[in-house]
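Here is a short note to read beside the model. Keep the structure open as you go through the points.

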Amino acid sequence: MTEKNLYKCPHCACIFLTQADLQRHNATFGTTKDQHEQKYKKTHDRLEFGFSDE
């Protein structure tokens, strides 16, 4: 597999094998950098610390 076959999220370090996976990722975390950062922080806090600021 080459880098040409990969789909990189423009807002974070995530890389996907299919465009459909990238689209699902963006549907989950948002399509802007601010949405991505906010939802990533909430998810990380919930998974690592058992809480988030929701």
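1. Helices (H or I, at least four residues) and strands (E, at least two) are DSSP runs, numbered from the N terminus. L6 sits in the segment before strand 1 (7-8). This is a predicted model: local features need pLDDT of at least 70, side-chain atom pairs count only at pLDDT 80 or more, and totals for chains, interfaces and linings use all residues. Residues are numbered from 1 along each chain as its sequence is written, and side-chain values use heavy atoms, with hydrogens and water left out.

2. L6 is partly exposed, with a relative accessible area of 31%. Buried means under 20% relative accessible area, exposed over 50%, and partly exposed in between (1.4 Å probe, protein chains only).

3. Next, strand 1. Y7 lies there. Y7 is partly exposed, at 31% relative accessible area. Contact means heavy atoms within 4.5 Å. Leaving aside neighbours within four places in sequence, Y7 is in contact with residues including C14, F16 and L22. Y7 and D21 are 14 residues apart in sequence, and 8.6 Å apart in space, C-alpha to C-alpha.

4. Is H25 buried or exposed? H25 is buried, with a relative accessible area of 9%. H25 belongs to helix 1 (residues 19-29). Not counting residues up to four places away in sequence, H25 touches C9, C12, C14, F16, G30 and H36.

5. Now the helix pair. H25, N26, T28 and F29 in helix 1 meet Q35, H36, K39, Y40 and T43 in helix 2.
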